[in-house]
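The points can be read with the structure open alongside.

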Amino acid sequence: MRPDNTAPIIAAAQRRRELTRAKALQALRELDRTGAPITFQSVAAAAEVSRSWLYAQPDIRAEIQRLREATRRAPAAPIPASQRTSEESALARLDIALKRNRELAEENQRLRRQLARALGEHRRSPHSRDPGDSPPPPAKPHRTSVTIGPC
């Protein structure tokens with residue numbers, strides 16, 4: 001049996017592995033946050049690790065592939081994570097827009113009814129005249145004053 005002088009070496013290797021993983025995950029989050037393209041090359045460069053090491057980490061590899069596919073499907077430039085709309089937020093905004101749309105439709109109908117009522121009253125008025133109508137008959141000569149109706 002060998003003496004147990006390997007414990008410090010194993011502990012140092014374990015710390016180095018954890019530090020490397022933390023750097024890779026941080027680089028991945030930062031690239032995603034800024035909207036930069038997510039590739040194995042970009043993550044490796046940002047984290048200062050090798051691409052082969054990234055491929056050997058199943059969880060990191062899966063996350064890179066997931067984010068890479070998400071940015072590839074986007075027709076425009078990828079949106080940074082801090083600016084992405086959540087599903088809940090989108091549904092809330094849609095509800096607000098639908099409510100506002102209903103309110104505007106109701107207001108539109110109310111205004112149309114008011115306009116129709118006002119036009120009806122205007123047409124019934126004995127002194128009203130539309131600009132397209134024929135001119136009123138001339139005043140009778142025996143009158144000395146003329147009453148002017150509403151415009």
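1. Arg33 and Glu30 both sit in helix H1, 3 residues apart, which is about one turn of the helix. Helices here are DSSP runs (H or I, at least four residues), numbered from the N terminus. The two side chains form a salt bridge, with the closest N and O atoms 2.6 Å apart. A salt bridge is a side-chain nitrogen of Lys or Arg within 4 Å of a carboxyl oxygen of Asp or Glu.

2. A note on the basis of these values: this is a predicted model, in which local features need pLDDT of at least 70 and side-chain atom pairs count only at pLDDT 80 or more, while totals for chains, interfaces and linings use all residues. Residues are numbered from 1 along each chain as its sequence is written, and side-chain values use heavy atoms, with hydrogens and water left out.

3. On accessibility, Arg33 counts as partly exposed at 43% relative accessibility, and Glu30 counts as partly exposed at 33%. The classes are buried (under 20% relative accessible area), exposed (over 50%) and partly exposed (in between), with a 1.4 Å probe and protein chains only.

4. The structure holds 5 salt bridges. One of them joins the side chains of Asp59 and Arg21, at 2.4 Å from N to O. Asp59 belongs to helix H4 and Arg21 to helix H1 (residues 7-34), so this pair ties together parts that are 38 residues apart in sequence. Asp59 is partly exposed, at 41% relative accessibility, whereas Arg21 is buried, at 16%.

5. Helix H5 (residues 87-124) contains both Glu103 and Arg100, 3 residues apart, or about one turn of the helix. These residues form a salt bridge whose closest N and O atoms are 3.8 Å apart. Glu103 counts as partly exposed at 35% relative accessibility, and Arg100 counts as partly exposed at 46%.

6. Side chains of opposite charge can pair when their charged atoms come close.

7. Arg68 lies in helix H4 (residues 58-73). Leaving aside residues up to four places away in sequence, Arg68 touches Ile38 and Phe40. Contact means heavy atoms within 4.5 Å.

Definitions and conventions:
Helices (H or I, at least four residues) and strands (E, at least two) are DSSP runs, numbered from the N terminus.
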